[in-house]
Amino acid sequence: MEMTTVSRDGTRIAYERSGRGPAVVLVSGAMSTGATTAPLAAELSGRFDVTVYDRRGRGESGDTAPYSVEREIEDLTALIEAVGGEVSLYGMSSGGALVLRAAASGLPLRRAAVYEVPYAMDDAAVRAGAEYTERLTEALGQGRRGDAVELFLRHTGLGEDMIRGARQSPMWAGMESVAPSLAYDDAVMGDGRVPASEIASITVPLLVLAGGASDAWWHEAARAVAEAAPDGRYAAVDRQTHMVEPSVLAPVLAEFLAG
């Protein structure tokens, strides 16, 4: 990360900018840093001034206890001021939940877009989320970062063989390094349900996306978010799953963000 700004509580937030045009800030999801969104930034930078950043507790950014979702919204406020005022926001997965909460808080935005925010669409999913929160809190409280990462991977549906393989991979150390931030993404998701009353206060145009090849509940969740917003629209991205290809996503985002 080449530049830094300072959030309201003194936390240093590292970011990079590329391209020229309307300003867009990309918000990564769980277990991710600004580097994760860099390929999408590269696709968009021909038409936009794109900022990627390390959310607090990750990469080159700092962290300040105690955590709250409001502090992460203040991080975005500092970034928006650093890049010159009004921006559009795009958030991936739980990063999308942060975008929705930031937009609802009244940040100076032009537009907002999110991709596959993992909201619970039935009681069983809500219960599974509550159990995950309890076990994650226990693991992180005891300093068991590896177990916390395993819990997250299992919660996302990864098989046991894949998890064992991940533990042996060179990427595991990096995953453990950002494990405490899993609690931050969990907090951003609230109780796991679509926060319809909060989304109803979003005044800017909102695009809610799901992958065309993703399971039906992703689309159910995306439609529920779009329907809760005063100016929300839902769309499917052809042939994509949760691991969306930047080259396929970028044209869809660009059309909307250009406004």
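Student: Which residue of S7 is the bridge partner of Tyr115?

Tutor: Leu209 of S7 is the bridge partner of Tyr115. This is a predicted model, in which local features need pLDDT of at least 70, side-chain atom pairs count only at pLDDT 80 or more, and totals for chains, interfaces and linings use all residues. Residues are numbered from 1 along each chain as its sequence is written, and side-chain values use heavy atoms, with hydrogens and water left out.

Student: Why are S1 and S8 called edge strands?

Tutor: The open sheet has eight strands in the order S1-S2-S4-S3-S5-S6-S7-S8, with mixed pairing. Strand S1 (3–6) and strand S8 (232–237) each pair on one side only.

Student: How do you know that S1 and S2 pair, and in which sense?

Tutor: S1 and strand S2 (residues 12–18) share four bridges and pair in the antiparallel sense. Val6 stands opposite Arg12 in S2. The two strands form a hairpin with five residues between them, and Gly10 in the turn has a positive phi of about 95 degrees. S2 also pairs with S4 in the antiparallel sense over four bridges, where Ser18 has Val50 of S4 as its bridge partner.

Student: Why is H1 called oblique to H11, and not parallel or perpendicular?

Tutor: The axes of helix H1 (residues 34–44) and H11 come within 9 Å and cross at roughly 55 degrees. Angles under 35 degrees count as roughly parallel, over 145 as roughly antiparallel, 65 to 115 as roughly perpendicular and the rest as oblique, which makes H1 oblique to H11. Axes are lines fitted to C-alpha atoms, for helices over the stretch in contact, and angles run from 0 to 180 degrees between N-to-C directions.

Student: What classes of residue make up the contact of H1 with H11?

Tutor: Contact means heavy atoms within 4.5 Å. H1 supplies Pro39, Leu40, Glu43 and Leu44, and H11 supplies Pro246, Ser247, Leu249, Ala250, Leu253 and Ala254. They divide into eight nonpolar, one polar and one charged. Ala, Val, Leu, Ile, Met, Phe, Trp, Tyr, Cys and Pro count as nonpolar, Asp, Glu, Lys and Arg as charged, and the others, Gly among them, as polar.

Student: How are H2 and H3 set against each other?

Tutor: The axes of H2 and helix H3 (residues 94–104) come within 10 Å and cross at roughly 80 degrees, and the two helices are therefore roughly perpendicular. Val69, Glu72, Ile73 and Leu76 in H2 meet Leu98, Arg101 and Ala102 in H3; this contact has five nonpolar, no polar and two charged residues.

Student: Why is the pair of Tyr67 and Tyr184 called stacked?

Tutor: The structure holds two aromatic pairs. In the pair of Tyr67 and Tyr184, the ring centres are 4.0 Å apart and the planes stand at 0 degrees, so this pair is stacked. Rings of Phe, Tyr and Trp (its six-membered ring) pair if their centres lie within 6.5 Å; planes under 30 degrees apart count as stacked, over 60 as edge-to-face and the rest as tilted.

Student: Which residues does the cis peptide bond join?

Tutor: The cis bond joins Ala65 and Pro66, with omega about -5 degrees. Pro66 is found in the loop between S4 and H2.

Terms used: Pairing = 2+ DSSP bridges.
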